[in-house]
Amino acid sequence: MELNIHFRKINNVLSVFIEGEIDTFTAPKLREKLESIVISQERLIELDLSKVTYMDSTGLGVFVALYKNVTRENGNLKLVGLTARIKRLFNITGLSELMNIEVGAKVE
Amino acid sequence: MKAFDYIEIRIPAKPQYVSVIRLAISGLATRVGFLYDQIEDIKIAISEAVTNVVQHAYEESEQGDIVIGCALYTDKIEILVTDFGNSFDFEEIKKEVGPYEPNSSITQLREGGLGLFLMETLMDEVKVNSENGVTVFMTKFVKREQVKHRDQTITS
């Protein structure tokens, strides 16, 4: 499998674990999964990208779409566990200025 | 003796082959002597170029091939991505791409169009010819200090 996505819900935090490569082939699957998320003001949506081994602009596009939806619904979105490579992509595109991003090791 | 080795790969313009090209180019870049971070940059740039063709050039017919040509020098890699489909106006598209502005409103945020921007940012040189189909030509040089660093890491 080139991309795996699974959800874990603890209280008001919905964690989304994304594993593998995000490109034009796998992005539709990711988009579909993320679009199924119920957004609410009380809930924090946390995307764990620590196991994303590759990502390009198609992945950024998917996250921007989710970010727009979440913001529109007054929800909360956080990206966590970004590797240096993935963080760099958010930096050079200016997205790290807009989105709530946390770098570093995730707690297993 | 030729100054470079030339490798050409032809694939159908379908999303499932983008990762195959990414892997192949990554292997070729390793041969030239690029280091990890540069190879990762090249992987993104080639994926963006091929993805552009897959998404735009063949929207109508769904038939068509992409040809990827790769010239390997001692100090650089040249990559050519070409299709035989619809051409697009590079300058026009270029006006609409670029990084996000910190103060842009949420609704203004584009969900696409970062591909060309990333190619230009991650490679040393990017040229696009759209006269007959689309041809993207990209170059990346091996950084000298990184070559030294590479020698060190190999022995350690």
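What percentage of the 108 residues in chain A do buried residues make up?

Modeller: The model is predicted, with local features requiring pLDDT of at least 70 and side-chain atom pairs counting only at pLDDT 80 or more, while totals for chains, interfaces and linings use all residues. Residues are numbered from 1 along each chain as its sequence is written, and chains are lettered from A and ligands numbered from 1 in the order in which they are written.

Of the 108 residues in chain A, 40% are buried. A residue counts as buried if 20 or more other C-beta atoms, placed from the backbone, lie within 10 Å of its own.

Chain A contains three helices and five strands, arranged along the sequence as β-β-α-β-α-β-α-β. Helices (H or I, at least four residues) and strands (E, at least two) are DSSP runs numbered from the N terminus. Chain A is as compact as a globular protein of its length, because its radius of gyration of 13 Å is close to the 13 Å given by the globule rule for 108 residues. That radius is taken over C-alpha atoms, and the rule is 2.2 Å times the number of residues to the power 0.38. The C-alpha trace of chain A spans about 30 × 30 × 25 Å along its principal axes.

Residues are in contact if their C-beta atoms, placed from the backbone, lie within 7 Å. Among contacts in chain A between residues at least 6 apart in sequence, 70% join residues at least 24 apart.

Chain A also touches chain B, in a contact that takes 22 residues from chain A and 24 residues from chain B. On the side of chain B, the elements giving two or more residues are α1 (18-32), α2 (36-57) and α4 (115-122). The largest share, eight residues, comes from α2(B). This side of chain B divides into eleven nonpolar, eight polar and five charged residues. Here Ala, Val, Leu, Ile, Met, Phe, Trp, Tyr, Cys and Pro are nonpolar, Asp, Glu, Lys and Arg are charged, and the others, Gly among them, are polar.

Chain B itself has an open sheet of five strands in the order β1-β2-β3-β5-β4, with antiparallel pairing. Strands pair if DSSP finds at least two bridges between them. The edge strands of this sheet are β1 (5-12) and β4 (125-129) of chain B, each pairing on one side only. Seven bridges join the antiparallel strands β2 (residues 65-72) and β3 (residues 76-83) of chain B.

Terms used
Buried ≥ 20, exposed ≤ 12 C-beta atoms within 10 Å, placed from the backbone. Contact = placed C-beta atoms within 7 Å.
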